[in-house]
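Good morning, colleagues. Please keep the sequence and the model in view as I speak.

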Amino acid sequence: MPAAPWDDGAAAKQLFVLVTGANSGIGLGIGQRLIDEFAENRTSPSDHLIVITTTRSAAKSRQTTDLLRQYLEAQEANAVAAKSTLHPNRIHLASIELDLCNLPSVYAAAERLRSSPLSIYTGAGKSASSPHQLPRLDSVIFNAGIGGWTGIAWWNLLTNVLFDGIPQATTFPTCKAAMGGLLVDPLTGKEVKGAEDGAEKNGVLGQVFCANVFGHYVFAHALLPLLRGTSERSTDKASRSSAIGPGPARIIWESSVEAEGWKNLSLDDFQAIRTDAAYESSKRLTDVLALTAGLKGVAPVSAPFYKADDGDDSNDSDEDTTPATYVTHPGVVCSTLFPLNWFYFALYNLAMYISRWLGSPWHPVTAYKGAAAAVWVALQPQPALDALDAQHVKWGTSTTRDGTTLIKRSEVEGWGFRGLVGEELKATSVDSTTGQPWGEKGDPLAAMFPYPSYLLNSRGRKKGASTLTAERRQEFEVLGRDCWREMERLRLEWEERVSKAHEASQS
Ligand SMILES: NC(=O)c1ccc[n+]([C@@H]2O[C@H](COP(=O)([O-])OP(=O)(O)OC[C@H]3O[C@@H](n4cnc5c(N)ncnc54)[C@H](OP(=O)(O)O)[C@@H]3O)[C@@H](O)[C@H]2O)c1
């Protein structure tokens, strides 16, 4: 195998990022934004970015890599016109197939990333790919997803707009019509009809649950050998603040601003099969899993998920080898996620801009802008994330009226903005780790994004939301423990089912 094109510098100067569902919408925006922000912030020619996208077919993967190479070429042409350069040969692209509703495909994709060389394209231009083995992954961005919606519930739309106003109705809509009972056979990835009762007995899973949460969950666990970080990075603490590669690897989930709260996630219908709010349930579950993973009452239950099955325990005592989990959301973006014909899509697009002009902070509208929060988490130096206690916040993409992008804390029912009981709405004044004021320098987020009125927790809040109480915070942690327990049970069960199906197919 030829030497990898990124091997001209230290491991800490290379950044490996994987993005799921990258052939369209926000996923493609994440790929483009990674290229732009990396090129802007890491200007040394020996800094390398390796982006691995996943799509549902070989053709979509080829197309995605082509689109990103064309994008890189166009950005480099702009840079050259401005008498600069991005040094495009330090950007490397690869793409693999992954269907999150087909668990054998999920295991196969993880195995391929761990053990086989990938076809890597370097730079813009039309040069051929060359095969290289990935040494690790620094961030995985779990963006792929489906809505499971069927159309618009017009009466709900009308009452939503009349009683709650346009910004609320376009941020927390009640008008999305969906059918309950969407199921999938995860051994084949095929939709299954009419097996709502006894779903598990029949060997099926809730389709939206599987695409949005469970497939990613299984994938993350299977990727753990690549998500361990490197000893070079974990021992060299002094240089970590300026290094590209963060300390621990990062699992970054894409949730939704409208993940809603308690009502949408029930342990009695964990896979959201009997509800018509399967999407909202899957995003609520995403929030709960990500925000509670490391809490005292949850960590013993979540620990097996973060322990790789490859039997290599050599690094278990080093905290940097356990990936850190983060949750983000893109705000509201006009994409193909919600099924609309061209006419309604145009009206929808207009309504989103009106919301932004009316002062909503949650309307990036375009996929490129919506990609900001996930990319920001992937590219921040570890000390910057730690100073913000970033694992305990749901980070949303926000935009000002004129479309300037910023990153903002979002509220989660039962968790508030940072898990702080009774947190002031104006506040970004107290450090959640110490409970003390941030100090003279103030909230580090305000230093990064100088738009104080947009950073206010009260801005863009859901109508009727209430300040976090100690009881709700406790309930949230208990919910987290129960959800992690069920996810782990399902992971082990399906690992066995997939393995048995594989053995049966071999005999
Ligand atoms: N748009 C918004 O306003 C909004 C708001 C909040 C959160 N989000 C979240 O942002 C993410 C991206 O959404 P989007 O708006 O960009 O939607 P999108 O344009 O429809 O993109 C969804 C992506 O997920 C892929 N995907 C769907 N099912 C999959 C499966 N079973 N296995 C693997 N990949 C699968 C799709 O692949 P195919 O092209 O093959 O179908 C596509 O690449 C989703 O998680 C969504 O919930 C979006």
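**Cysteines**

The cysteine sulfur closest to that of Cys-101 belongs to Cys-210, and at 4.5 Å the two are too far apart for a bond. The model before you is a predicted one. A disulfide requires the two sulfur atoms to lie within 2.5 Å, and the structure holds 0 disulfides. Cys-101 is itself buried, at a relative accessible area of 8%.

**Overall composition**

Let me now turn to the protein as a whole. Its 507 residues are 54% buried, and its secondary structure consists of 17 helices and 15 strands. Considering contacts with a separation of 6 or more, 77% are between residues 24 or more positions apart.

**Helix H1**

Helix H1 covers residues 25–41, which is 17 residues. From the first C-alpha to the last, H1 reaches 24 Å, close to the 24 Å expected at 1.5 Å a residue. How is H1 placed relative to the rest of the structure? Of its 17 residues, 14 are buried, so H1 is largely enclosed by the rest of the structure.

**Two partners of helix H17**

For packed helices, the description rests on the angle between the axes and the distance between them. Helix H17, residues 470–506, packs with helix H3, residues 103–115, at an angle of about 90 degrees, and the axes are 10 Å apart. H3 and H17 are therefore roughly perpendicular to each other. On the H3 side the contact is made by Leu-103, Pro-104 and Tyr-107, and on the H17 side by Arg-491, Trp-494, Glu-495 and Val-498. Sorted by class, this contact of H3 with H17 has 5 nonpolar residues, 2 charged ones and no polar ones.

H17 also packs with helix H9, residues 278–292, at about 100 degrees, the axes being 9 Å apart. That angle makes H9 roughly perpendicular to H17. Which residues meet here, in H9 and in H17? H9 supplies Arg-284, Leu-285, Val-288, Leu-289, Leu-291 and Thr-292, while H17 supplies Phe-476, Glu-477, Leu-479, Gly-480, Cys-483, Trp-484 and Met-487. The classes in the contact of H9 with H17 are 9 nonpolar, 2 polar and 2 charged. Cys-483, one of the H17 residues listed, is buried, with a relative accessible area of 0%.

**Ile-141 and its surroundings**

Next, a residue in a strand. Ile-141 is located in strand S6, residues 139–142, and is buried at 0% relative accessible area. Leaving aside residues up to four places away in sequence, Ile-141 touches Val-17, Leu-18, Val-19, Thr-20, Ile-30, Ile-252, Ala-374 and Ala-378. The C-alpha of Ala-374 is separated from that of Ile-141 by 7.0 Å, although the two residues are 233 apart along the chain.

**Two positive phi values**

Finally, the backbone. His-87 has a positive phi of about 55 degrees, yet it is not a glycine. His-87 is found in the loop between helix H2, 58–81, and strand S3, 91–97. Val-365, another residue other than glycine, has a positive phi near 70 degrees, and its loop runs between helix H11, 342–357, and helix H12, 367–370. Are these residues buried or partly exposed? His-87 is partly exposed, with a relative accessible area of 29%, whereas Val-365 counts as buried at 2% relative accessibility.

Notes: Residues are numbered from 1 along each chain as its sequence is written. This is a predicted model: local features need pLDDT of at least 70, side-chain atom pairs count only at pLDDT 80 or more; totals for chains, interfaces and linings use all residues. Side-chain values use heavy atoms; hydrogens and water are left out. Buried means under 20% relative accessible area, exposed over 50%, partly exposed in between (1.4 Å probe, protein chains only). Helices (H or I, at least four residues) and strands (E, at least two) are DSSP runs, numbered from the N terminus. The expected span of a helix is 1.5 Å times one less than its number of residues. Axes are lines fitted to C-alpha atoms, for helices over the stretch in contact, and angles run from 0 to 180 degrees between N-to-C directions. Angles under 35 degrees count as roughly parallel, over 145 as roughly antiparallel, 65 to 115 as roughly perpendicular and the rest as oblique. Contact means heavy atoms within 4.5 Å. Ala, Val, Leu, Ile, Met, Phe, Trp, Tyr, Cys and Pro count as nonpolar, Asp, Glu, Lys and Arg as charged, and the others, Gly among them, as polar.
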